[in-house]
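This is a walk through one protein chain, for a reader who has not seen it before. The text begins with a pair of helices, then turns to the sheet, and ends with the chain as a whole.

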Amino acid sequence: MVSKSFGRILLEDVVRMTNVSQTSHVGGCLSCLDIVNVLFNNVINIDSKKPKSKNRDRFILSKGHTSAVIYSALANKGFFPVKWLRTFFENGTKLPGHIDHKVPGVEFSTGSLGHGLSVGLGMAMSMRNKKIKSKVYVLLSDGEMNSGSTVEAIMFAGHHKINNLICIVDKNQFQALGKTDDIINLNPLSKKWESFGWNAYDIDGHNTSEIKTALLSAKKNSQKPSVLVCNTVKGKGLKDFEGRLMSHYRPPSDDQLNDFMEGLELIR
Ligand SMILES: [Mg+2]
């Protein structure tokens, strides 16, 4: 039997979890899934046996509503039992819909948007002051670029050259109520980050080799904070959901889940 790749496990878990719970945000989970796959499988230094190690890398999911993909990553890396995923979003669950710091491996609760980068910046500064060599990774939505607190953190980190801070923007071109281009145009996004003193990578957020190369390069950069502007597709991989605003809200139906799983079997 061929063992499943980490990315394939994340994909199955996210679509199943949102179907079973009949809850929102499958679109934003799928747009950042390839990023999470590479980050958790190849880059970030975390260990479920030493979850509070002083020298661990820190990860903050600023787009806290897409918790399903991170819960899957953490469960499959051994931070808590995979069977917890079956209770996602239920009343009384250990895995609430917006990511929760009480879950093993989660550094910070988010869901009220626009806070993750400022918190990550504070962690990175503290670690730098204590001579801890680890990195802080923050996964941000493109909609959060509208938040003043995000822009303040960008300015501050660039000015103070907080080089242990790595931000990843899931640029799926949608936010809750429409297209980012229509609400507040962000382009040219990577040039804006560069103008504030960041080292920027503008990449295909579904190309795992591009993601890995950029993350490993960002880790080595010793002069500036780094950002990966990842061009992604909301609902990536789920028929009828790709590139559609409704994927922010609508969960996959039972038929859509079955079609999806059958499709995965065909391309194995
Ligand atoms: Mg978005």
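In this predicted model, helix α1, residues 6–21, and helix α3, residues 33–43, have axes that come within 9 Å and cross at roughly 135°. An angle over 145 degrees would count as roughly antiparallel. The two helices α1 and α3 are therefore oblique to each other. The crossing in which α1 passes α3 is right-handed. On the α1 side the contact is made by Phe6, Gly7, Leu10, Leu11 and Val14, and on the α3 side by Leu33, Asp34, Val36, Asn37 and Asn41. Sorted by class, the contact of α1 with α3 has six nonpolar residues, three polar and one charged.

Helix α3 also meets helix α4, which covers residues 67–76. The axes of α3 and α4 come within 10 Å and cross at roughly 25°. Angles under 35 degrees count as roughly parallel, and α3 and α4 are therefore roughly parallel to each other. Here too the handedness can be stated: α3 passes α4 in a right-handed crossing. From α3, the residues Leu33, Val36 and Phe40 meet Val69, Ile70 and Ala73 of α4. This contact of α3 with α4 divides into six nonpolar residues, no polar and no charged. Leu33 and Val36 also take part in the contact of α3 with α1.

A further partner of α3 is helix α9, residues 208–220. Their axes come within 9 Å, with a crossing angle of roughly 55°. Helices α3 and α9 are therefore oblique to each other, and their crossing is right-handed. In this contact Asp34, Ile35, Asn37, Val38, Leu39, Asn42 and Val43 of α3 meet Thr208, Ile211, Lys212, Leu215 and Leu216 of α9. The residues of the contact of α3 with α9 divide into seven nonpolar, three polar and two charged.

The next topic is the sheet. How many strands does the open sheet have, and in what order? There are five strands, in the order β1-β2-β3-β7-β6, and their pairing is parallel. At the edges stand β1 (58–61) and β6 (199–204), each with a single partner strand, so one side of each is left without a neighbour in the sheet. From one strand to the next, the twist averages 15°.

Within the sheet, strand β2, residues 136–141, runs parallel to strand β3, residues 165–171, and six bridges join them. Opposite Leu139 stands Ile168 of β3. Helix α5, residues 116–129, packs on the sheet and touches β1, β2 and β3. The direction of α5 makes about 170° with that of β2.

Two details of the backbone follow. Most residues other than glycine have a negative phi, and most peptide bonds are trans. His25 has a phi near 85°, which is a positive value in a residue other than glycine. His25 is found in the loop between α1 and α2, the latter being residues 26–31. The second detail is a peptide bond: the one from Asn187 to Pro188 is cis, and its omega is near -5°. Pro188 lies in the loop between α7 (180–183) and α8 (189–195).

Last comes the chain as a whole. The chain has ten helices and seven strands. Along its principal axes, the C-alpha trace spans about 50 × 45 × 35 Å. What radius of gyration would a compact globule with 268 residues have? The value would be near 18 Å, and the chain has 18 Å, which agrees.

How values were computed: Residues numbered from 1 in each chain as written. Predicted model: local features only at pLDDT ≥ 70, side-chain atom pairs only at ≥ 80, totals over all residues. Axes fitted to C-alpha atoms, helices over the stretch in contact; angles between N-to-C directions. Helix = DSSP H or I, 4+ residues; strand = E, 2+ residues; numbered from the N terminus. Parallel < 35°, antiparallel > 145°, perpendicular 65-115°, else oblique. Left-handed = near helix turned anticlockwise from the far one by under 90°. Contact = placed C-beta atoms within 7 Å. Nonpolar A, V, L, I, M, F, W, Y, C, P; charged D, E, K, R; others polar. Pairing = 2+ DSSP bridges. Rg over C-alpha atoms; globule rule 2.2 N^0.38 Å.
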